[in-house]
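Welcome! Let's get to know this structure together through a few questions and answers.

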Protein chains: 2
Amino acid sequence: MMTWKGTLCILLSLNVFLNLSSFCDGHPHSAQTINSESAVRVLSNDTAKRAGVAAEVAGYADVAKQIIDLAVFGAAQNRSYRRLADFTDTIGNRVSGSNNLEMAIKYMYNAMVQDGLDVHLEPAKIPHWVRGKESAEMTAPRAKTLAILGLGSSVGTPPEGIEAEVLVVQSFEELKHRASEAAGKIVVFNQPYVSYGETVAYRGYGASEAAKVGAVATLIRSVTPFSINSPHTGWQDYQDGVKRIPTACITVEDAELMWRMAQRGQKIVVRLTMGAKTLPDADSFNTVAEIKGWQHPEQVVLLSGHLDSWDVGQGAMDDGGGAMISWEALSLIKDLGLRPRRTLRTVLWTAEEQGGVGAQQYFNLHKVNMSNFDLVMESDLGTFTPIGLQFTGSDAAQKVMEEVVKLLAPINTTKLEAHGEGTDISPWMQAGVPGASLHVADSRYFWFHHSEGDTMSVQDPRDMDLCSALWAVVAYVVADLQEMLPR
Amino acid sequence: MMTWKGTLCILLSLNVFLNLSSFCDGHPHSAQTINSESAVRVLSNDTAKRAGVAAEVAGYADVAKQIIDLAVFGAAQNRSYRRLADFTDTIGNRVSGSNNLEMAIKYMYNAMVQDGLDVHLEPAKIPHWVRGKESAEMTAPRAKTLAILGLGSSVGTPPEGIEAEVLVVQSFEELKHRASEAAGKIVVFNQPYVSYGETVAYRGYGASEAAKVGAVATLIRSVTPFSINSPHTGWQDYQDGVKRIPTACITVEDAELMWRMAQRGQKIVVRLTMGAKTLPDADSFNTVAEIKGWQHPEQVVLLSGHLDSWDVGQGAMDDGGGAMISWEALSLIKDLGLRPRRTLRTVLWTAEEQGGVGAQQYFNLHKVNMSNFDLVMESDLGTFTPIGLQFTGSDAAQKVMEEVVKLLAPINTTKLEAHGEGTDISPWMQAGVPGASLHVADSRYFWFHHSEGDTMSVQDPRDMDLCSALWAVVAYVVADLQEMLPR
């Protein structure tokens with residue numbers, strides 16, 4: 001999961017961002033169960049139609065049960081977890097432009113071919129930012145190493161580093177009030193964590209906001225509600241026409257330490273050294289695997305997760321899990337000898353973390369066939385215990401989906417919520433294609449997000465079985481209904 | 001808080017350790033509320049005596065309320081937190097033998113003198129182990145940096161490091177079964193976390209157990225129930241007559257990673273480099289502050305925490321908080337113009353983490369006056385929300401203490417539990433002196449313990465006020481009763 005949900009959120013102006021931030025809120029907790037009051041307004045012919053769809057969907061109860069049994073209790077038990085472990089243990093993390101990402105794409109291509117799926121690669125140009133060697137040391141009022149992670153797209157420092165006095169602020173507003181103090185300083189943002197969607201603005205725009213008032217670098221408190229001195233990385237955006245200064249995240253602990261020191265009137269000096277640089281865009285691929293539809297092969301239900309990650313941890317949670325259940329869903333359907341009317345297409349995106357880069361190119365290429373895209377699905381909020389499906393679509397489509405999720409009663413995930421989300425599917429949803437995302441119990445998601453803590457140790461085999469079952473049932477049934485979802 | 005609770009636990013034989021491990025269990029959760037059934041067996045003259053003590057203790061309700069009000073709502077509100085922040089932010093961590101520990105002792109000496117207390121230092125010789133530069137890198141099946149923390153007392157590696165194949169085991173038993181595979185290897189212990197008291201045996205004895213079967217180094221899964229790729233350090237013990245091999249803790253994540261790789265039959269190779277060494281013992285001090293008793297100045301209620309820490313994080317939780325509330329208790333009593341019959345003595349121990357080294361020397365020096373030690377108290381399990389007092393003493397002493405904790409009703413901490421604990425006070429308790437320790441809500445204690453996460457960010461001002469109030473009320477009232485606690 002990248003910085004901001006949806007390209008709409010990638011805004012140049014901070015003010016615009018703040019005004020829209022509630023819309024862009026990436027935190028799944030903001031999703032709400034759909035209010036069914038609007039149902040009373042449907043016309044009687046709609047009612048009849050709905051009864052027809054309800055009966056049609058209910059007819060899939062047995063096949064849904066078969067899929068669930070296979071995933072949760074049968075031969076496929078633990079398979080998506082095992083696949084994820086094999087994959088991330090072998091490759092490690094896979095940042096955009098890296099050798100590891102290239103290896104990851106080859107690995108998944110081969111694995112899905114071997115699984116008997118119809119696989120191909122679609123080229124995409126992706127950013128190639130490299131971290132290089134980096135370190136930070138507080139040199140006054142006392143010597144202390146600061147744990148840092150440079151932010152994606154940051155420039156580096158001169159080789160000898162930047163040593164400067166620190167100005168600690170708690171908000172953009174405080175920075176504005178203290179603008180006259182910032183020149184020549186390293187600005188430390190010690191913003192409290194409110195929610196990811198709101199607080200990530202500091203990581204995203206802190207550098208340019210500080211540069212505007214003359215800062216030479218920024219160190220930003222990691223965007224997380226919990227820390228064991230763990231820095232978190234992520235993408236950041238320089239504003240056009242503003243000097244580009246080096247920027248990194250520090251830990252909650254060190255941000256609070258420097259804030260307390262500043263409150264005491266102590267002079268704080270930090271030396272920051274970052275070897276970060278941006279290389280020319282790299283060649284990469286979106287990885288596509290299909291089960292072709294028997295009746296309408298040109299019509300598509302798309303399942304997805306992203307294959308790239310940050311360059312720390314294993315990228316198991318973000319988003320190895322989402323990628324694996326999107327593969328697993330096809331495996332389950334294939335293993336049961338099922339083949340829906342429409343094509344099931346799993347896409348493993350490249351360079352999501354840099355702003356859905358691979359997905360945007362996929363959209364540009366395929367939007368000409370938009371009318372054939374029945375449903376676009378993305379799992380990029382973790383694959384912990386599933387809670388329900390988040391959905392964006394017309395009222396009529398919601399009615400159908402409400403029936404579909406009833407098939408998930410055996411695994412107790414029959415909740416349909418508002419607001420499908422996912423950086424990679426948002427172009428489709430904005431263009432009116434129905435979209436769905438997986439909502440999981442994710443209270444600890446941002447504890448590990450973009451940190452060294454994003455490893456297989458946070459994944460659970462049974463949870464992944466449940467997520468896979470949910471994903472497969474929804475995709476299969478929607479792809480096999482008589483009609484595409486109404487727009 | 002060091003490795004094992006009580007010197008009894010520092011055993012040469014693993015078998016003996018395992019047999020005694022339940023006795024030594026350092027985890028505060030094992031404490032149980034004292035069963036009051038034995039009360040029915042007291043003789044009638046005891047009953048009368050008890051009624052007298054109950055009435056006497058109840059007479060302290062007003063003064064207890066005064067102390068609590070001052071600490072929690074009055075002028076002293078947030079003071080112990082602020083003192084701890086000032087102290088740990090200024091000094092940082094303070095490992096035995098370090099310059100920082102020396103500075104810390106001077107700092108606290110001056111601070112307590114300035115506070116108007118009667119302060120002196122008592123010399124102690126302490127271990128001087130230095131970590132040096134250290135790193136570990138998995139070189140096969142793929143390159144990956146391993147986050148490590150060398151263990152206290154470990155030897156270093158040759159400057160070029162040790163590169164060897166890895167043998168991963170999950171228990172001492174598995175190591176025994178696979179002894180023939182261990183020669184020349186780096187043994188990785190991936191023991192599951194059961195409880196600190198039980199699991200810490202791997203950190204304590206892993207190196208010697210592995211050396212006995214020919215290993216060249218050990219990497220031990222950090223002893224914690226939760227991790228964000230955070231290594232935890234701590235003391236370890238080489239067995240006499242066994243080759244001393246380098247030993248460090250790795251993260252839960254990396255231990256599990258290597259275990260999964262080993263399960264797949266993959267060959268794992270690690271290069272370990274540690275600059276650790278042990279220097280000659282250093283000079284240090286236990287720091288002692290007193291309010292002299294007006295009637296029996298030679299009789300003592302001792303409050304304590306330890307001033308040293310590990311060489312990571314800030315040592316705010318372990319045990320800056322315990323040291324601060326032991327100072328704060330005296331400040332509260334002094335600020336209220338109170339002076340008990342007996343002497344209140346706060347001792348800030350040195351070199352607890354190496355096995356209660358400073359405290360043992362204090363005991364050796366002062367045990368000649370043992371009959372004058374009324375109660376020894378230690379806070380070394382965190383200063384989070386207080387739950388109650390853990391107490392070790394005769395049945396008769398327990399009866400008195402049950403009355404004393406009733407005075408804590410205004411802060412809802414009237415629970416008296418069995419088993420006072422604390423490395424530093426255990427020699428006294430073993431010799432029959434009543435001992436008490438602070439029990440707090442510590443479900444996350446071992447998440448931060450001996451790691452970079454032990455900082456001010458885990459401390460809460462109000463919790464520390466409550467701990468200080470509890471500590472002060474108990475110490476003052478016991479020190480002011482007509483009679484010393486019955487042995």
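Two residues are in contact when heavy atoms of theirs lie within 4.5 Å. Keep in mind as you read that this is a predicted model.

Q: Leaving aside neighbours within four places in sequence, with which residues is Gly358(A) in contact?
A: Start by finding Gly358(A) in helix α10 of chain A, which covers residues 357-366. Neighbours within four places in sequence are set aside here. The contacts of Gly358(A) are then Ala124(A), Asn286(A), Trp349(A), Thr350(A) and Ala351(A).

Q: Is Gly358(A) buried or exposed?
A: A residue counts as buried when its relative accessible area is under 20%. Gly358(A) has a relative accessible area of 0%, so it is buried.

Q: What distance separates the C-alpha atoms of Gly358(A) and Glu122(A)?
A: Along the chain, these two residues are 236 residues apart.

Q: What share of the residues of chain A counts as buried?
A: Chain A has 487 residues, and its C-alpha trace spans about 70 × 50 × 40 Å along the principal axes. The chain holds 14 helices and 16 strands. Of its residues, the share that counts as buried is 63%.

Q: What is the radius of gyration of chain A, and what would a compact globule have?
A: For 487 residues, a compact globule would have a radius of gyration near 23 Å. Chain A agrees with that value, because its own radius of gyration is 23 Å.

Q: How far apart do the centres of the positive and negative side chains of chain A lie?
A: Chain A carries 41 positive and 56 negative side chains. The centres of these two sets lie apart by 3 Å.

Q: Which side chain does a polar contact of 2.7 Å join to that of His366(B)?
A: Over in chain B, His366(B) is found in helix α10. His366(B) counts as buried because its relative accessibility is 14%, and the cut-off for buried is under 20%. Leaving aside neighbours within four places in sequence, its contacts include Phe373(B) and Trp428(B). The polar contact of 2.7 Å joins its side chain to that of Glu122(B).

Q: Where does Glu352(B) lie, and what is its relative accessible area?
A: Look in chain B for the loop between β12 (342-349) and α10 (357-366), where Glu352(B) lies. The C-alpha atoms of Glu352(B) and Gly422(B) are separated by 9.7 Å, and the two are 70 residues apart along the chain. Glu352(B) is buried, because its relative accessible area is 0%.

Conventions:
Residues numbered from 1 in each chain as written. Chains lettered and ligands numbered in written order. Predicted model: local features only at pLDDT ≥ 70, side-chain atom pairs only at ≥ 80, totals over all residues. Heavy atoms only, no water. Helix = DSSP H or I, 4+ residues; strand = E, 2+ residues; numbered from the N terminus. Buried < 20%, exposed > 50% of the residue type's maximum accessible area, 1.4 Å probe, protein only. Rg over C-alpha atoms; globule rule 2.2 N^0.38 Å. Lys, Arg positive; Asp, Glu negative; His and termini not counted. Charge placed at Lys NZ, Arg CZ, Asp CG, Glu CD. Polar contact = N/O pair within 3.5 Å; in protein donor to acceptor, adjacent residues only side chain to side chain.
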